[in-house]
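Hi everyone, thanks for making time. Let me put it up on the screen.

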Amino acid sequence: MKSSWFVAGAVVALSVMCRNVAAQDGPEGLNKSDDVSVVVAGNNQFAFDLYGKLRAQEGNIFFSPYSVSTALAMTYAGARGATAEEMARTLHFTLPPERLHPAFRRLIRSMNEGGKKGAFELSVANALWGKSGAGFLPAYLQLVERDYGAALRELDFGASEEARRTINDWVEKQTRDRIKELLKAGMITPQTELVLTNAIYFKGQWASKFKPDATKPEPFMLAGGKKIETPMMNCRGDYKYMEKPEFQMIELPYVGDRLSMLVLLPRKIAGMGEIEKSLTDNNLAKWLKELRKQEVIVALPKYKLTCEFGLNEALKAMGMRLAFGGADFSGMDGRGGLVISQVQHKAFVDVNEEGTEAAGATAVTMIRSSALPQPTPVFRADHPFIFLIRDNETGSVLFLGRLANPEG
């Protein structure tokens with residue numbers, strides 16, 4: 001594994017829609033910083049809700065909840081009636097549309113501006129790919145361009161492979177080639193009418209790097225009791241840290257201090273389940289307030305993993321059912337008939353001595369239907385743990401995952 005201690009994250013959210021799409025009401029609305037906080041809180045709660053559905057599967061988990069939320073927010077902009085109500089409840093969209101979408105715009109702008117200051121790279125991009133001559137409503141197109149920067153680009157979906165390559169090329173460019181072949185063969189068909197894409201990319205360095213010569217093979221205990229050898233990075237320094245009877249938590253900042261990785265380490269090797277059940281936006285906010293800077297001995301494995309999920313059933317279980325059948329996305333084209341056929345997500349993360357590289361992609365396809373305190377705490381992540389990458393300025397959880405096995 002290459003030791004390129006930088007932090008990079010790429011996320012792509014793709015919404016492919018085929019005749020049964022949606023549009024958005026209302027004027028531009030209010031631009032209040034409080035609205036951004038409301039959107040962030042909702043997005044984070046959706047992140048933990050979705051994690052709660054995905055955690056039932058065995059092994060590693062990694063995804064970008066921010067990417068999924070943004071892709072579905074652009075889709076929600078065209079939802080109407082009960083479909084919009086279900087999506088809003090599931091996604092924790094509590095603001096009216098005329099305030100929700102401008103708040104997303106301000107959030108995107110904050111991230112992009114932060115990424116231009118030189119300490120790290122952080123960029124968010126969106127695009128709207130529509131079927132030539134589909135006749136989407138001007139109000140919907142204006143909203144997604146104004147609030148998400150997703151100008152309409154017409155494609156001939158009859159030439160399915162060419163259209164797929166065009167979108168995949170855009171995804172690769174926006175994610176610095178970290179996400180390739182997001183749309184697999186067969187995901188674009190002549191029936192496709194709309195594809196919404198979101199990409200997020202993050203690259204930075206740890207504020208305090210791990211020294212490569214301190215990395216050495218050490219045991220990592222899997223939840224089932226098996227022990228494996230894995231490269232363990234080691235350092236000693238001042239970090240924000242807290243501990244409870246059930247778990248330890250540490251914040252590992254990146255250069256610039258705007259973004260950081262939080263690691264939640266259960267005390268017990270098989271204690272992941274209890275921590276996962278307690279993951280909520282409110283609890284995270286409470287734990288963050290309990291962090292105190294102190295000297296900590298840190299041991300963290302190097303790891304690289306790729307995860308892929310089909311999110312249809314998870315989203316349905318969370319309450320978003322109508323969007324997959326009997327949907328009203330008439331706000332997109334004024335006619336209705338579009339439904340979501342699949343929501344796919346894929347993500348990649350590489351953690352090493354210099355930083356973190358992370359990438360993720362979401363595709364929404366729509367078709368017309370028919371321990372005790374110590375003087376110097378030791379944070380030894382030698383068994384399964386939860387980790388997330390967070391934008392400290394806005395509070396947004398950009399990436400979220402569970403490392404069950406460093407070997408993948």
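Let's begin with Phe 385, which counts as buried because its relative accessibility is 0%, under the 20% cut-off. Before I go on, please keep in mind that this is a predicted model.

So which ring pairs up with Phe 385? That would be Tyr 303: the two form an edge-to-face aromatic pair, 6.1 Å centre to centre, with 70° between the planes. Tyr 303 is buried too, with a relative accessible area of 0%. Tyr 303 also has an edge-to-face pair with Phe 387, and here the numbers are 5.3 Å centre to centre and 70° between the planes. Phe 387, again at 0% relative accessibility, counts as buried.

If you follow the ring pairs along, they link Phe 62, Tyr 303, Phe 385, Phe 387 and Phe 399 into a cluster. For the whole model, the count comes to 15 aromatic pairs.

Rings also meet charges here, and I have two cases for you. The charged end of Arg 176 sits over the ring of Tyr 201, 4.2 Å from the ring centre. Likewise, Lys 316 places its charged end over the ring of Phe 324, at 5.3 Å from the centre.

Now let's zoom out to the packing. In soluble globular proteins, nonpolar side chains tend to be buried together. The largest nonpolar core in this model has 114 residues, and the members that touch the most others are Met 261, Phe 329 and Phe 385. Helix α1, residues 33-54, gives the largest share of this core, with nine residues.

What does Met 261 touch, leaving aside residues up to four places away in sequence? Its contacts include Trp 206, Ile 250, Leu 252, Tyr 254, Val 351 and Ile 389.

My last stop is helix α2, residues 65-76. How far apart are its end C-alpha atoms? They are 16 Å apart, which agrees with the 16 Å that its 12 residues should span at 1.5 Å a residue. And is α2 mostly covered or open? It is mostly covered, with 12 of its 12 residues buried. Among them are Pro 65, Tyr 66, Leu 72, Met 74 and Tyr 76, and also Ser 67, Ser 69, Thr 70 and Thr 75.

That's my tour, and I'm happy to chat about any of it!

How values were computed:
Residues are numbered from 1 along each chain as its sequence is written. This is a predicted model: local features need pLDDT of at least 70, side-chain atom pairs count only at pLDDT 80 or more; totals for chains, interfaces and linings use all residues. Side-chain values use heavy atoms; hydrogens and water are left out. Helices (H or I, at least four residues) and strands (E, at least two) are DSSP runs, numbered from the N terminus. The expected span of a helix is 1.5 Å times one less than its number of residues. Buried means under 20% relative accessible area, exposed over 50%, partly exposed in between (1.4 Å probe, protein chains only). Rings of Phe, Tyr and Trp (its six-membered ring) pair if their centres lie within 6.5 Å; planes under 30 degrees apart count as stacked, over 60 as edge-to-face and the rest as tilted. A charge sits over a ring if NZ of Lys or CZ of Arg is within 6 Å of the ring centre and within 35 degrees of the ring normal. A nonpolar core is a set of buried Ala, Val, Leu, Ile, Met, Phe, Trp, Tyr and Cys residues joined through side-chain atoms within 4.5 Å. Contact means heavy atoms within 4.5 Å.
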